[in-house]
Amino acid sequence: MSPRGGMDRRQFLKIGAAAGGGLLITSYLGFSFGNRDVEAMPPKLDLDAFIHIAPDGTVTIVAQNPEVGQGIKTTLPMLIADELDVAWNDVRVQQGDLDTEHYYRQIAGGSTATPTQWLPMRRVGAAGRALMKAAAAATWGVPVTELETEAGLVHHRASGRTLSYGTLAAKAATLPAPDPESVPLKKRSEFRIIGTPVRGVDDEAIVTGKPLFGIDQVRPGMLYAVFQKCPVYGGKVKTANLDAVKKEPGVRHAFVVQGDGDVDTLSAGVAVVADTWWLAHSARNKLEVKWDEGPTAAQSSRGFAARAAELYGKPPVNVLRSDGDVDAALDSAAHRVEAEYSYPFLSHVPLEPQNCTAHYHDGKLELWAPTQTPERGRSLAARTLGMKEEDITLHLTRIGGGFGRRLSNDYLVEASWIAREIGVPVKLLWSREDDMHHDFYRPAGFHRLEGGVDAEGKLVAWRNHFVSFGEGRRFAPSAGVASDEFPAGYVRDFTLGTTLLPLGVPTGAMRAPGSNALAFVYQSFIDELAHAAGRDPLHFRLDLLAARSGETRLDADRMTGVLRAVAARSDWGRGSLPSGTGKGIACHFSHRGYFAEVVQARVSKAGKVAVEKVWMVGDIGRQIVNPLNAENNAQGGAIDGISQALGLEITIVDGHALQSNFDAYPLLRHRDRPEVDVHFLVTDNPPTGLGEPTLPPVIPALCNAIFAVTGKRVRSLPISKLDLSWS
Amino acid sequence: MSFTLNVNGKSVTADVPADMPLLWVLRDILNLKGTKFGCGIAMCGACTVHLDGRATRSCVTPVSAVGSREITTIEGLSADGSHPLQQVWLELDVPQCGYCQAGQLMTASALLARNPHPTDQEIDAAMSGNLCRCATYLRIHEGVRAAASRMAAASTGGGPGEPDGLAGARAEEER
Ligand code: FES
Ligand code: FES
């Protein structure tokens, strides 16, 4: 059982005949969660229309969540199809639109889809299967208990009769809905699709270049828009040479949008609308805007770092946790280490630039949007435009990468506003420069740490002053730390305090928010303490996990399990490596997942780093739904982490981002890819998500490997800015 | 200005400004959406097409510079998705979000056309101009190798080459 508690739910089914023959299964589902990660969710929502069975036996299953590359458009239908007991080859998958009446929690974020949909989706499928059996029982006049299903067929063994689901669909549509709470679910050993390698349902369309993505949407008579915002966040338009821009070839409209002063919805800017995107983009080169830049123009990365250094000399403003007596424990420690760590702002840069297609007519708005949070997007558009939500239709498109960027819906609101202004269909498309200049960045952060180890080599004291962003006690988005973040609860004398700097730069969640930075700091510093005590970094961590002393979310047994497994797979502590090559280890718990990773890296004498191999062991519960997809996603998580640690940084200068395209933001490339060995421990815990928890440990594991080679500690990122030469 | 272009074996005309990059002519005038926009400065490879068989970044290629060269886009890589690279991509389930993959396939197919037996280093060199933000590089690399051996086997009349097994990730029962 998970230490975080389970869920209570009520699920109701509704069935009916489908237009054109066949059967529709509709499900109404009520949830109440005892899990604090998801407690912000409304207590009751509905699901609808997941399954359509045609008379010829073709099964269409609706995938309700946004697909950003995490594979959910394949995974959720797998859950339904397996319990429905149909052959995967007979299944067609259709993307659902935003429909809060019938679908529940259409979100791509927080690695939440698997834990929240694992049971509801299976129940939808199981109810469908029960219905098929009931229809066959009624047709033959035999008890349901004598019937079996297999790959879209119902068998009555006693009489040797068989009927297909397609044949039974019409009859099933007239029967009462089974109670999804009581329909039997398959046992693990009965799964035929779940747990098997299934390739992405859009793979064929992708490799043949079919239009799938937001950027590919076309509407009749559609125009194209660009939107120039103030480079400084929160700036306003004073004047713009609209008349000159309107004279440029192909330009149909140019107008100022004053916005609502909120970067989350509608920033001030100038819209240019033209016959093609290239013409709109070219006309923009002629645009001259005088901006009122506002107070954020005084902010810079350098200024934040200087302020943090000053604040280290003072006690933290907010104390989040104070266990025992850290002063005394540090004073009596056998070994004591002090260090300052920092990390930069980062941009998400999904490869598909932000875009949204919109059509406003007759008081209604229709949107085609690559958004991770369609429900929130619609509500922000409604609020900003003063419309009713029911007057807005939102179609989900495939999304060319999210990583958290498309949890925000600024592009969607901008497109909506422009569409109402011009009254014809319009596609707003940002340039890469727009994207990198107007992100909700992974926030930078600054940490001062002091730690103490006793004579037996055990971690006994920990003090952390975290200088982050926000107001008073309230963190800026994704700039926070939880009071029970590891090693909290495992060190008897422990304090965690924060001082928050005001920030005008927008920040937001990026793959494993919080964790992608905190794991670097805490798992690197734990490594420093292990070395100070002369202990093996693996055994030092195992001892720490055995020393639970206070409140914590982290299940030490599960973390110990992945640590031991990754040590075994990577031959940790065994054999010898050539000079210049070293290994580092780290572990981290986030988004309900337990991951331990070992990195093997080579560092040349001149200090150039090459990552050779990553071993990853994860524990995300008792079932990997789609192992083919899971491996791909996990390998991507590891390489994503290495990419950001090695070379990525957004520098804020005078309130705007300095970097604007991939020439200045060197994502890891094909030739620099490490080998990534992925392994999952199957434990008796509920299945949880994978998109995020793979990433955090790889960064400190890499930094710890660099230390193993060079004796130099990576205390600030990116690594490319450090002198790691050694002799 | 009017330009006559040879796209996927068909002659088409486009009335567009001379400086309009081929990318936007393909996407917004000819409605071929398979070629993608990622950066606009030849740094990501999402917009890769073939010009007379050479992998070319269409985002920085003005339409006026194309001339009579044959343009091949992902839509024209094969008539029915049967190019060995496309087939291997399905077998290995290479895509995550999929946005970069048309560009990856166009770069890889140009490589294999000119060098049917590339070494790992040659694959690295050819493919490193194509970013994959989802970091599917391991499967891309394996896919290029597998397609190369399959094409070699087909041309010598041998059986089809099989992709190597996937690198791990076999969920395993612990208890
Ligand atoms: S869009 Fe052409 S290389 Fe990036
Ligand atoms: S698969 Fe997403 S960018 Fe390559």
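Q: What makes Arg133(B) count as a charge over the face of Phe403(A)?
A: Happy to start there, with the note that this is a predicted model. Arg133(B) lies over the face of Phe403(A), at 3.8 Å from the ring centre. The cut-off for CZ of Arg is within 6 Å of the ring centre, so the distance passes.

Q: What makes Lys605(A) and Trp726(A) a pair of this kind?
A: Here Lys605(A) sits over the face of Trp726(A), with 4.9 Å to the ring centre. For NZ of Lys the limit is again within 6 Å, so this distance qualifies.

Q: Why is Asp82(A) with Lys186(A) called a salt bridge?
A: Their closest N and O atoms are 2.6 Å apart, and the limit is within 4 Å, so the pair counts. This pair links distant parts of the chain: Asp82(A) is in helix H1 (residues 72-84) of chain A, while Lys186(A) is in the loop between helix H3 (165-172) and helix H4 (203-207), 104 residues apart. Over all chains, the search of the whole structure gives 52 salt bridges.

Q: How do you know that chain B and chain A are in contact?
A: Contact calls for heavy atoms within 4.5 Å, and 63 residues of chain B are in contact with 70 residues of chain A. The area buried between the two chains is about 5,700 Å², with 60% of it from carbon and sulfur atoms. Leu90(B), Arg133(B) and Leu138(B) supply 15% of the area that chain B buries against chain A, more than any other three residues.

Q: Which residues meet where H15(A) and H5(B) come into contact?
A: From H15(A) come Leu628(A), Glu631(A), Asn632(A), Gln635(A) and Ile639(A), and they meet Tyr137(B), Leu138(B) and Arg139(B) of H5(B). The residues of this contact divide into four nonpolar, two polar and two charged. As for geometry, helix H15 (residues 627-647) of chain A and helix H5 (residues 137-155) of chain B pack at an angle of about 115°, and their axes are 9 Å apart.

Q: What makes Tyr341(A), Trp462(A), Phe494(A), Phe520(A), Tyr522(A) and Phe525(A) a cluster?
A: Ring pairs link these residues. Rings pair if their centres lie within 6.5 Å. The whole structure holds 17 aromatic pairs over all chains.

Q: What makes the backbone at Pro487(A), Pro718(A) and Asp571(A) worth a look?
A: Most residues other than glycine have a negative phi, and most peptide bonds are trans. A cis peptide bond joins Phe486(A) and Pro487(A), with omega about 10°. The bond from Leu717(A) to Pro718(A) is also cis, omega being near 0°. Asp571(A), although not a glycine, has a positive phi of about 55°.

Definitions and conventions
Residues numbered from 1 in each chain as written. Chains lettered and ligands numbered in written order. Predicted model: local features only at pLDDT ≥ 70, side-chain atom pairs only at ≥ 80, totals over all residues. Heavy atoms only, no water. Phe/Tyr/Trp six-rings, centres within 6.5 Å; stacked < 30°, edge-to-face > 60°. Lys NZ or Arg CZ within 6 Å of the ring centre and 35° of its normal. Axes fitted to C-alpha atoms, helices over the stretch in contact; angles between N-to-C directions. Helix = DSSP H or I, 4+ residues; strand = E, 2+ residues; numbered from the N terminus. Nonpolar A, V, L, I, M, F, W, Y, C, P; charged D, E, K, R; others polar. Buried area = accessible area lost by both parts, 1.4 Å probe. Salt bridge = Lys/Arg side-chain N within 4 Å of Asp/Glu carboxyl O.
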